[in-house]
Amino acid sequence: KVYHQLTEQYAKSDLIDDAIWDIGWCYFKLGRYQDSITSLQTLITKFPERKYVGQAQYWVGKIYEKQNELVRAQEIYDKIIREHQWYYSIRAIERSQALFASENIAVNDNLELSNYRRIKATSDNSLWRDMERLDSPRARELIASKAFDDAITELESLAKSDKQNLKQIYYNLILSRQKEKQFYQAYLDGLKLFQLSDLKNKDNVSPTEAYKLTYPFYFQDIINKYSKEYGIDPLFVISMIREESGYDVDAISHAGAYGLMQIMPGTGEDVAQRLKISSFNPTMLFEPEINIQIGTWYMKNLMDTFDNNHALVSG
């Protein structure tokens, strides 16, 4: 009920898709499957370029499976596969193959997991040319004068009104957010930029520069410092941060994990004692330095435990 109220009261909020996703998830947990499908389909229709689309489509398929509507589930999975939605395409292939094995549902003969395992990038500079160019004199002036906070407000407004220049707007918005250390928001804008069709070539491949904004290496100095100290690959650490929090230093999970590397307070307290971090309390896990130090040590400890098996450590 609260999420429904929020969607009505803040209909233009950037968090509206989060609220609709949570509504769909609540209905699912309550066993109100048709209401869940309705919410998820609303999310897919209204926000086709937002972050929840792939998982919303996937869970619609899962709900149809749960209701034993297997043909409809297969149709959903086929659509996800055709749209090459990275992780959810892989999941959809796995579900398709499972349906085929257990229920003799017809499955696409061309499905190959290996086709989805690696990204395809291009170094075609024409796709990235003039990315810093802005048609807005005011936005240009704010950026030039290093008033990045005001520039962010201006660019956010432009993103809603000027659909013809979204590439340049999102790119400058990302750079401005980076200057203000708004890394989580910069990451989300990077995902929006990445989805733009005019940033892809005729084969639907994105430029390398777009991938660098979608997989940024924020907090590099801190990560390199503790990766070297504890003997672990810094790229593994930043991968964990990207997946766990999306670079959000203030992230709190439903389970109560804190910060960049989503460390449970009990784990943080235990590791802090081992590392002799004085006067530790859980709120310190919102500090990038502390969170990354504890998280990196913990990852290295798991690597030693699981014989350097990245898959087991990630799990």
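This passage describes the overall build of a predicted model and then its aromatic ring pairs.

Residues are numbered from 1 along each chain as its sequence is written. Because the model is predicted, local features need pLDDT of at least 70 and side-chain atom pairs count only at pLDDT 80 or more, while totals for chains, interfaces and linings use all residues; side-chain values use heavy atoms, with hydrogens and water left out.

The protein contains 16 helices and two strands, taken as DSSP runs numbered from the N terminus (helices: H or I, at least four residues; strands: E, at least two). Its radius of gyration is 22 Å, close to the 20 Å that the globule rule gives for 315 residues, so the protein is as compact as a globular protein of that length. Here the radius is taken over C-alpha atoms, and the globule rule is 2.2 Å times the number of residues to the power 0.38. The C-alpha trace spans about 60 × 55 × 45 Å along its principal axes. Of the 315 residues, 45% count as buried, where buried means under 20% relative accessible area, exposed over 50%, and partly exposed in between (1.4 Å probe, protein chains only). Among contacts with a separation of 6 or more, 51% come from residues 24 or more positions apart, a contact being heavy atoms within 4.5 Å.

Turning to the rings, a pair is described by the distance of the centres and the angle of the planes. Rings of Phe, Tyr and Trp (its six-membered ring) pair if their centres lie within 6.5 Å; planes under 30 degrees apart count as stacked, over 60 as edge-to-face and the rest as tilted. By this rule there are 18 aromatic pairs. One of them joins Tyr 58 and Trp 59 edge-to-face, at 6.2 Å centre to centre and 90° between the planes. Tyr 58 is buried, at 1% relative accessibility, whereas Trp 59 is partly exposed at 21%. Tyr 58 also pairs with Tyr 77: the centres are 6.0 Å apart and the planes lie at 40°, so this pair is tilted. Since Tyr 58 belongs to helix H4 (residues 53-66) and Tyr 77 to helix H5 (residues 70-82), the pair ties together parts that are 19 residues apart in sequence. Tyr 77 is buried too, with 0% relative accessibility.

The charged end of Lys 62 sits over the ring of Trp 59, 5.8 Å from its centre, and that of Arg 242 sits over the ring of Tyr 215, 3.9 Å from its centre. The criterion is NZ of Lys or CZ of Arg within 6 Å of the ring centre and within 35 degrees of the ring normal.
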